[in-house]
Amino acid sequence: MSASNLVAEAVWKDVELTRSVTDDQLSILHFLFGKNFERATRIVDKRGVKRISGEPSGRSIFQVMGESQRKEEYLCFAENFCGCYSFFYDIVNKGEQLCCKHQLAARLAASLGACVEVKVSDEELALLLSKL
Ligand SMILES: [Zn+2]
């Protein structure tokens, strides 16, 4: 894991503990993620992050809306995967960013307790995952 990733992890852990973001933490997240962080906060403000949990396993995945008016939504794991184009192009291929705005939005919403919680059966969750 890179140094910036470790810093980001430490900040997220603090945010999770306090369920709020201080100005200092904001500056750090901004420094690490730049414009993507602004985009992520806009998504969270619009309640654009759903956490879909399978029952009874409790396994979950995030469904994050896109920024544009189109009704796009991306399935994503905050730590390591997003179904969007930017994830494959900027992160996997070019290695230029730590993560995409949807992953950031998922992480931010989860840390702040701002996800829309959706419960489904494990079968439905499996079906959703099979489309990734
Ligand atoms: Zn994405």
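Helices here are DSSP runs of H or I with at least four residues, numbered from the N terminus. Keep in mind as you look that this is a predicted model.

View 1. Alanine 109 lies in helix H5. The helix has twelve residues and reaches 16 Å from its first C-alpha to its last, close to the 16 Å expected at 1.5 Å a residue. H5 is mostly covered, as ten of its twelve residues are buried; among them are Lys101, Leu104, Arg107 and Ser111.

**View 2. A closer look at alanine 109.** Is alanine 109 buried or exposed? A residue needs 20 or more other C-beta atoms within 10 Å to be buried, and alanine 109 has 25 C-beta neighbours inside 10 Å, so this residue counts as buried. Setting aside neighbours within four places in sequence, you can find alanine 109 in contact with Val44, Val49, Ala114 and Cys115.

**View 3. Helix H3 meets helix H5.** Two packed helices are described by the angle between their axes and the distance between the axes. The axes of H3 (residues 35–45) and H5 (residues 101–112) come within 8 Å and cross at roughly 55°, so H3 and H5 are oblique to each other. Their crossing is right-handed.

**View 4. Residues where H3 and H5 touch.** On the H3 side, the residues include Phe37, Ala40, Ile43 and Val44, and on the H5 side they include Leu104, Ala105, Leu108 and Ala109. By class, this contact has eight nonpolar, two polar and two charged residues.

Key:
Residues are numbered from 1 along each chain as its sequence is written. This is a predicted model: local features need pLDDT of at least 70, side-chain atom pairs count only at pLDDT 80 or more; totals for chains, interfaces and linings use all residues. Axes are lines fitted to C-alpha atoms, for helices over the stretch in contact, and angles run from 0 to 180 degrees between N-to-C directions. Helices (H or I, at least four residues) and strands (E, at least two) are DSSP runs, numbered from the N terminus. Angles under 35 degrees count as roughly parallel, over 145 as roughly antiparallel, 65 to 115 as roughly perpendicular and the rest as oblique. A crossing is left-handed if the near helix is turned anticlockwise from the far one by less than a right angle, and right-handed if clockwise. Two residues are in contact if their C-beta atoms, placed from the backbone, lie within 7 Å. Ala, Val, Leu, Ile, Met, Phe, Trp, Tyr, Cys and Pro count as nonpolar, Asp, Glu, Lys and Arg as charged, and the others, Gly among them, as polar. The expected span of a helix is 1.5 Å times one less than its number of residues.
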